[in-house]
Amino acid sequence: MRIRLSFFAGLMLCLQWLPTVRAQAISILRVDWTDTAHQRTLPIKIDFPKSADKPLPVVIISHGLGGSREGLAYIGEYWAAHGYVSIHIQHVGSDESIWKGKKMAEIMPAMKAAETAEQFMNRVNDVHFAIDHLKELNEDAKFPLHGKLDLDRIAMAGHSFGAVTTQAVCGQVFPGGRTVADPRIKVGVVFSPSPPRGGDTAKAFSKISIPLFHWTGTKDQVNSAISPVTPDQRREPFDAISTSDQYLVVLTDGDHGIFGGRARENGRLHPNDAAWIDLIQRGSTAFLDKYLKADKAQAAFLDDGEFAKNAKKLGTFEMKKPK
């Protein structure tokens, strides 16, 4: 069955005032994992607290089109510094290998050629495999985080194509009623989400029953030759989901690149970059803490406190409960 998609990351995108969480020093581990069932070798980057002395919740992170395991470091490393194990998957076939070494005129066609349902399914399978493999590693005495992964508390996060991947494994319904959800995932964070391409939007998101935090901006759009999604359409998943707690931030003037962690826009820093990144880091961490750590102070901070006030200074902030 062919799955129609709407996605795509920007081209080559590449302490705070949280109320109850103290930042920790982190370690970074880069490894390659081999999925023999699908004949894929996946570059992996793991960010984790150096002082991990108990099982920690896990966040699986999916980069955008043309990205790598080094992408979204600004958020993965921040989460690690606040008590999470961040697992960055590099999705071979829709990663940086599709554009590296090519001439500028060749890059756009190469990016476009990677927008296949096959690559989408590769990504989904990568996520399922990663969670399976983490269970094996958690029981392996030689693994640096042996016994330190709480696999009953797993979050999924991604940007653009990674957001589509996140939406899928969190329960999006595809044509024909097909889903590829992984029930082991308890919450999701979607940076630059996308509606389904064609079909019934309400039906597509009718089966998502876990909390999601949606992040977008009023300028969150990429080259139309790669993605037809407009900034207004990026809020459609939030509007459509009615069966679980949902959060949405729309940054005024926020563009596609800020969520991928780009350092510069058109060769210069955007005046709001620091404030935007600060808000993303604090808000997403409070969200994870609320649902994965049952942290009441973080829940109040997110729902009724300083985060909500500051989010409204930079854009709009909405939240809704199940109907």
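Predicted model: local features only at pLDDT ≥ 70, side-chain atom pairs only at ≥ 80, totals over all residues.

Reader: Leaving aside its neighbours within four places in sequence, which residues is Ile87 in contact with?

Author: Ile87 is in contact with Trp33, Ile44, Lys45, Ile46, Val58, Val59, Ile60, Ile61 and Leu134. Ile87 is also listed among the residues with the most contacts inside the largest nonpolar core, which has 47 residues. Helix H3 (117-138) is one of the elements that supply at least two residues of this core, and the largest share, nine residues, comes from H3.

Reader: Why is the pair Asp150 and Arg153 called a salt bridge?

Author: The cut-off is 4 Å between a side-chain nitrogen of Lys or Arg and a carboxyl oxygen of Asp or Glu. The closest N and O atoms of Asp150 and Arg153 are 2.7 Å apart, so the pair qualifies.

Reader: What makes Asp150 buried, and what makes Arg153 partly exposed?

Author: Buried means under 20% relative accessible area, and exposed means over 50%. Asp150 has 16%, so Asp150 is buried. Arg153 has 22%, so Arg153 falls in between and is partly exposed.

Reader: How do you know that Lys290 and Asp303 tie together parts that are apart in sequence?

Author: Their side chains meet in a salt bridge at 2.8 Å, N to O. Lys290 lies in helix H8 (residues 273-292) and Asp303 in helix H9 (residues 296-303), so the pair ties together parts that are 13 residues apart in sequence. Both Lys290 and Asp303 are buried.

Definitions and conventions: Residues numbered from 1 in each chain as written. Heavy atoms only, no water. Core = buried A, V, L, I, M, F, W, Y, C linked by side-chain atoms within 4.5 Å. Buried < 20%, exposed > 50% of the residue type's maximum accessible area, 1.4 Å probe, protein only. Helix = DSSP H or I, 4+ residues; strand = E, 2+ residues; numbered from the N terminus. Contact = heavy atoms within 4.5 Å.
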